[in-house]
Amino acid sequence: MLKDYLAEVKARCLEYDLNPNELPSFDQISTEELTAVQQKYADTLAVINEFINKFLKKTKGIPLLVTVTDDKGTFIEYMGDESLSATIVEQAGLQKGIQFTEKKAGVSSVLAAIELHRSVQLLGEDHYHHFLHSAACYSVPLYVHERLIGTVSIMTFLDFAHPMILTTLETVVDSIQRELDLREENHYLDQMNQMMLEQSNIGYIVIDEKGKVVKVNPKANSFLTKVQKDCRYIQEIEPLNDLYNQFKEGKTIQDYEVVIQNHKNIICLADYFIFQEGCLIQLHDITEYKKTESYIQNSEKLSLVGQLAAGVAHEIKNPLTTLKGFIQLMQQNLYNDAYTPVMLKEIERINEITNEFLVLSRPTVLSKEQYDIRKLFVEMDVLLSSLAITKNIEYRQNFKETPRIYSDGNQLKQVIINLFKNCVEALDQNGQIELTLQPYDSQNILIRIEDNGPGFPEQILHKLGQPFVTTKESGNGLGIMVCKRIIETIHLGQLNMYNKENGGAVVDIILPINGE
């Protein structure tokens, strides 16, 4: 193949009227064009120089000249033996910026390697010009991901020609190609990662082993105040500094809820990951999710208020009837001092009922403190009774001594009232509901709500707590979802629902005594 190619090129040289006794000539690109090519190949040349310099050190004493061209045959770099530079290079006019073209340079190992896409060896008379009959030239095409980008060539005197030169050059170029392939892949990955960081809806902060902030992507930057943006170390940025200290101590920081205070408080889930010698902080903005969640929870509370209205109206009517009777007696001048304590007691009862309504209808604000759960049931007794009375349901309590727990009493009330209401709705007239409060183990207490109704449908029992999973015609399943979140996320407890073997539904609420 090479022999036929050389014969065809030499025949065309005669057609071009090239004189083999003259020195070959070359086209020349402008200085600006050469600068542009060298800039384009700057990273490539850096890799080539690194490998070729190692090769030349190992072959010191052998007159070798290494040249590099682009994919068009433009001479952009050379290095090697000074004896060749002073003879063949200077005499032939080889310099950066020349282009090997068949019409002027004739037979060339560079052009042969580009056109044939293979390694080429030209010895002595293989060249068209007599000037090069004393030279041996070896060229290997250079590819990056199978894309031809140029050639690497070796020129030496014919006396030093050896087949191993081409084999060695192929090995060196193969190493160069692997390095260039790897660098291009890494560059692609770097660009892709950079684009993902810049465009991501998740905030990322990269810090080194000393806590110095190395990189902050635009999303994370939008969370920070101007003062925080000027901080050089994560230890200066609240509340991320406290989490960083815990992370350095070996604590796992994942899905940790933090509030970053700027012109509008941003609620984020923070994750800390080991990254190289430092740390990668991931911040997922859940502010809007929290607003939606709060809206759903408050909507559920208002829905409860509406459904409680009928029962509460009955509870208020009784003390109002008593008060009306006493007032009528007073109008008839039949007042007795013994009436006053009774009237005050009835007024206090109305006050208790309305206060419970106000607590239930207020927007949810998390407020944990040490709470006596028995006191919570006492406060809810009026509301639970008003729910039970609508179906003449027997409502029993079985309360044992339990320690105070760290909890949000108002949110627990919402959970218990919601679950109690579900039991009432599932029962027919004259059903039974039992509330149990007792220690669960040394670290937890148990609240159990059970009825004697039909129980949970088996086909949806494992899905309870998911949105829109419900047995009610007008239900949406959000009530149980809110209850699960209050118990499991806010109070770090468990909400378990199952059926009794002899019929009826059971809901177990397991709450840690120290739920911080």
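Mentor: Two strands pair if DSSP finds at least two bridges between them; a strand is a DSSP run of E with at least two residues, a helix a run of H or I with at least four, each numbered from the N terminus. The model is predicted, so local features need pLDDT of at least 70 and side-chain atom pairs pLDDT 80 or more, while totals for chains, interfaces and linings use all residues. Residues are numbered from 1 along each chain, and side-chain values use heavy atoms, without hydrogens or water.

Trainee: What makes E14 and E16 a pair?

Mentor: Six bridges join strand E14 (residues 394-399) to strand E16 (residues 432-439), and the definition asks for at least two; the strands therefore pair, and they run parallel. Within this pair, Asn-398 stands opposite Thr-436 in E16.

Trainee: How do you know that E16 also pairs with E17?

Mentor: Seven bridges join E16 to strand E17 (residues 444-451), and these run antiparallel. Ile-433 has Asp-451 in E17 as its bridge partner, and a hairpin of four residues joins the two strands.

Trainee: Why is the set with Leu-419 and Phe-420 called a nonpolar core?

Mentor: The term denotes buried Ala, Val, Leu, Ile, Met, Phe, Trp, Tyr and Cys residues joined through side-chain atoms within 4.5 Å, where buried means under 20% relative accessible area (1.4 Å probe, protein chains only). The largest such set has 43 residues, and Leu-419 and Phe-420 touch the most other members; the set is therefore called a nonpolar core. Elements giving two or more residues to this core include E16 and E17.

Note on methods: Buried means under 20% relative accessible area, exposed over 50%, partly exposed in between (1.4 Å probe, protein chains only).
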